[in-house]
Amino acid sequence: MANPIISVENVSHRYEQQNVLEDINFNIHQGSFVGLVGPNGSGKTTLIKLMLGIEKIQRGSVKAFGKPIQKFKNEGRMSYVSQKANAFTRGFPATVREVVSMGIVSNQKPLLPGQKSDHELIVYALKQVHMKDYLNRNIGDLSGGQQQRVFIARAIVNQPELLILDEPTVGVDSENVDHFYQLLSKLNQELGITLVLVTHDIGSITTYVTDLLCLNKSIHYHGDPSGFENMTDKERSKLYGHSIHTITHDH
Ligand SMILES: Nc1ncnc2c1ncn2[C@@H]1O[C@H](COP(=O)(O)OP(=O)(O)OP(=O)(O)O)[C@@H](O)[C@H]1O
């Protein structure tokens, strides 16, 4: 198997007196779609901050594309959509075009050979999330789900190899959540972007992801989502480290 994109080895982390991560080990391979699930406060955001080099490593090691994260130069290869990305209020004075343009880094790789203008990059990214027609609209006038797709466009405008999304469906209604997951599957399968999706939505996410990682301070399950789907709620709760009742969706 090819070298992993992300390699996390023996990582533990604490804030003041509180241990939030204990002896975390896993790899993320190119082309995978990883669902990172766990209850509130289970350390999910801390773990992705360590993977992105935003939070300083205390114990263990994180490698990105074979390099220790402390030495890794991102240059648009890893992209991140944070939990607070859609904290825009109605009437926020920026157009969709302006928001997506904020994602362009100066040493960008063009999305399409021969098409290098910022405008073309922005339009191409918006097309991928079905938001091209909203180019000149004010971001604050869009619905939560539409805003979220614009933030995805901003995150993919440099054609990253890895896209990490922290709870992107907060504020998106349930009907649109499935459309949103389908969109992520398309980015994964058609554009080949490796995805890490942080979510509480353990019920429907198992339909879409290739790998499921259940975190509650330590890793309680890592593997094929079908292994998790076949368990009873009691067995899942034990692995998840928290009482859960899953609502499954028909597709
Ligand atoms: N900068 C910080 N300083 C001190 N404690 C922190 C800090 N960041 C997070 N914590 C604490 O660490 C624990 C893990 O937080 P984290 O945000 O990683 O969990 P999470 O699984 O992403 O939670 P949620 O699903 O609620 O977003 C929580 O108890 C949180 O209060």
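Four strands form an open sheet in the order β2-β1-β4-β5, with antiparallel pairing. At its edges stand β2 and β5, each with a single partner strand, so one side of each is left without a neighbour in the sheet. The model is a predicted one.

**The antiparallel sheet**

- Strand β1 (residues 6–15) is joined to strand β2 (residues 18–28) by seven bridges, and the two run antiparallel.
- Within this pairing, valine 11 stands opposite isoleucine 24 in β2.
- β1 and β2 form a hairpin with two residues between them. Glutamate 16, in the turn, has a positive phi of about 45 degrees.
- β1 also pairs with strand β4 (residues 59–64), in the antiparallel sense and over five bridges.
- In β4, arginine 59 is the bridge partner of serine 12.

**Valine 8 in β1**

- Valine 8 is found in strand β1. It counts as buried because it has 22 C-beta neighbours inside 10 Å, where the cut-off for burial is 20 or more.
- Which residues does valine 8 touch, not counting residues up to four places away in sequence? The contacts are Ile24, Asn25, Phe26, Met51 and Val62.
- Valine 8 and methionine 51 are separated by 43 residues in sequence, while their C-alpha atoms are 7.8 Å apart in space.

- β3 and β8 run parallel and are joined by five bridges. Here valine 37 stands opposite threonine 199 in β8.
- β3 also pairs with strand β9 (residues 211–216), in the parallel sense over four bridges. In β9, the residue opposite valine 37 is cysteine 214.

**The largest nonpolar core**

- In soluble globular proteins, nonpolar side chains tend to be buried together.
- The largest nonpolar core in this model has 62 residues, of which Val34, Val100, Val150, Ala153 and Leu197 touch the most other members. Helix α4 gives the most to this core, with six residues.
- Valine 150 is in contact with Val96, Val99, Val100, Met131, Ile139 and Leu142, leaving aside its neighbours within four places in sequence.

**Helix α5**

- Helix α5 (residues 174–190) has 17 residues. From its first C-alpha to its last it reaches 24 Å, close to the 24 Å expected at 1.5 Å a residue.
- The buried residues of α5 are Phe180, Tyr181, Leu184 and Asn188. They cover an arc of only 100 degrees around the axis, which puts them on the same side of α5.
- The elements that cover these buried residues include β3 (33–37), α4 (144–156), β8 (194–199) and α6 (202–205).
- The face of α5 turned away from its buried side carries the exposed residues Glu175, Gln182, Gln189 and Glu190.
- After α5 comes glycine 192, whose phi is positive, near 70 degrees.

**Positive phi in two loop residues**

- Phenylalanine 65 has a phi near 50 degrees, a positive value in a residue other than glycine. Its place is in the loop between β4 and β5 (67–68).
- Is phenylalanine 65 buried, partly exposed or exposed? Phenylalanine 65 is partly exposed, because 18 other C-beta atoms lie within 10 Å.
- Histidine 130 has a positive phi of about 60 degrees, although it is not a glycine. This residue lies in the loop between α3 (118–128) and α4.
- Histidine 130 is partly exposed, with 14 other C-beta atoms within 10 Å.

How values were computed
Residues are numbered from 1 along each chain as its sequence is written. This is a predicted model: local features need pLDDT of at least 70, side-chain atom pairs count only at pLDDT 80 or more; totals for chains, interfaces and linings use all residues. The expected span of a helix is 1.5 Å times one less than its number of residues. A residue is buried if 20 or more other C-beta atoms lie within 10 Å of its own, exposed if 12 or fewer, and partly exposed in between; C-beta atoms are placed from the backbone. The arc is that of the directions from the helix axis to the C-beta atoms. Two residues are in contact if their C-beta atoms, placed from the backbone, lie within 7 Å. A nonpolar core is a set of buried Ala, Val, Leu, Ile, Met, Phe, Trp, Tyr and Cys residues joined through C-beta atoms within 7 Å. Two strands pair if DSSP finds at least two bridges between them.
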